[in-house]
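These are my notebook entries on a structure that I looked up residue by residue.

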Amino acid sequence: QLASGQALTIMDNVGSTLATFQDGGNVSLYFNHAKKFETTATGATITGDIVADSATIGGNVIVDELRLPWGNDRYIRRYYDAVYHMGMLMEADTRDLILYTKSADSSGDIRFQTGSTPTERMTILADGKVGIGTATPVTEFQIETELNAMSGTNVDVSNLAQKILNPQSDNGEAVGIGFGLSTINTNVGAAITHERTAGNSKGKLHFATKGDEGEATDIPIRMT
């Protein structure tokens with residue numbers, strides 16, 4: 001038992017520190033002359049990897065996965081300070097999963113990589129621009145590809161940069177894109193649609209624009 005104000009140091013036979021114990025203070029463990037574990041007033045500091053068959057955090061056992069107890073919002077994050085950090089936020093009320101970065105200088109992109117030698121596939125810049133095939137999009141949504149969508153006088157559909165597909169096989173149905181300039185997100189002013197009229201997605205291309213039609217109403221086709 002350590003007396004008040006005393007400390008205990010354990011060394012090996014060549015004088016290297018293995019552990020230190022301070023009365024009312026911290027405990028430190030060493031390996032190969034380097035401190036690996038230290039208790040502090042707020043918790044414990046571990047230097048290096050943690051390897052365990054199982055562990056418990058917040059009352060939940062972790063085995064080959066990370067589990068956080070349900071309840072309040074939970075973070076998994078790399079934390080520098082209140083201004084600079086990044087990670088995942090799991091919101092308990094909405095059940096949303098949020099990936100985020102935070103920094104005082106508004107930097108910090110989110111990048112997605114896949115493959116055996118991870119290659120960047122998609123990037124979300126700190127200002128919200130999204131790029132597929134590019135790490136530096138200059139528009140709100142930008143796709144870059146070196147695929148050639150022309151085959152002689154035909155379109156090579158296998159090389160299209162983007163395809164909008166309705167998986168239904170019913171004639172008379174259509175798929176398309178809409179355009180709107182309004183504070184109401186259902187207010188579409190123009191559209192381009194492909195209508196299937198026969199098998200193998202044969203059909204028509206329609207161009208529609210709004211006249212006197214009201215909010216969120218069907219708009220007439222002007223050209224096919």
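**Entry 1: Salt bridges**

I looked up D109 first: D109 is partly exposed, because its relative accessible area is 30%, and the class covers what lies between buried (under 20% relative accessible area) and exposed (over 50%), with a 1.4 Å probe and protein chains only. I note that this is a predicted model, in which local features need pLDDT of at least 70, side-chain atom pairs count only at pLDDT 80 or more, and totals for chains, interfaces and linings use all residues. Residues are numbered from 1 along each chain as its sequence is written, and side-chain values use heavy atoms, with hydrogens and water left out.

I took a salt bridge to be a side-chain nitrogen of Lys or Arg within 4 Å of a carboxyl oxygen of Asp or Glu. I recorded 4 salt bridges by this rule. D109 pairs with R111, and their closest N and O atoms are 2.8 Å apart. R111 is partly exposed at a relative accessible area of 39%. I then found that D109, R111 and E120 are linked in a network of salt bridges.

I looked up two further pairs. D127 forms a salt bridge with K129, with 2.9 Å between the closest N and O atoms. K129 is buried, its relative accessible area being 18%. K35 forms a salt bridge with E38, where the closest N and O atoms are 3.6 Å apart. K35 counts as partly exposed, with 34% relative accessibility.

**Entry 2: A135**

I placed A135 in the loop between β13 (130–132) and β14 (141–143); strands are DSSP runs of E with at least two residues, numbered from the N terminus. Which residues does A135 touch, not counting residues up to four places away in sequence? I listed R111, E120, T123 and L125, where contact means heavy atoms within 4.5 Å. Two of these, R111 and E120, belong to the salt-bridge network with D109. A135 is partly exposed at 30% relative accessibility. From A135 to F112 I noted 9.9 Å, C-alpha to C-alpha, for a separation of 23 residues in sequence.

**Entry 3: The loop between β10 and β11**

S103 and S106 were looked up together. S103 is found in the loop between β10 and β11, and S106 lies in the loop between β10 (97–102) and β11 (110–114). Buried or exposed: how does S103 count? S103 is buried, because its relative accessible area is 16%. S106, by contrast, counts as exposed at 58% relative accessibility.

A polar atom of the S103 side chain lies 2.7 Å from the backbone oxygen of S107. I class this as a polar contact, that is, a pair of N or O atoms within 3.5 Å; within protein, one must be able to donate a hydrogen and the other to accept it, and residues adjacent in sequence count only if both atoms are side-chain atoms. Leaving aside neighbours within four places in sequence, S103 is in contact with V83 and Y84.

Most residues other than glycine have a negative phi. H33 sits in the loop between β3 (27–31) and β4 (34–39). H33 is exposed, with a relative accessible area of 60%.

**Entry 4: R222**

I located R222 in strand β20 (residues 221–223). R222 is partly exposed at 48% relative accessibility. What does the side chain of R222 reach at 3.1 Å? I found the backbone oxygen of T209. T209 is also among the residues that R222 touches beyond four places in sequence, the others being F207, A208, K210, G211 and E213.

**Entry 5: The largest pocket**

I recorded a volume of about 610 Å³ for the largest pocket. Of its 20 lining residues, I164, L165, V175, H194 and S201 are the closest to its centre. On a 1 Å grid over the protein atoms alone, a pocket is an open set of points where a 1.4 Å probe fits, with protein on both sides within 12 Å along at least five of seven lines, and lining residues have an atom within 4 Å of a point. The strands β17 (174–179) and β18 (190–198) each supply at least two residues of this lining.

Notes: Helix = DSSP H or I, 4+ residues; strand = E, 2+ residues; numbered from the N terminus. Points joined across faces, edges and corners; volume = space filled by probe spheres on them.
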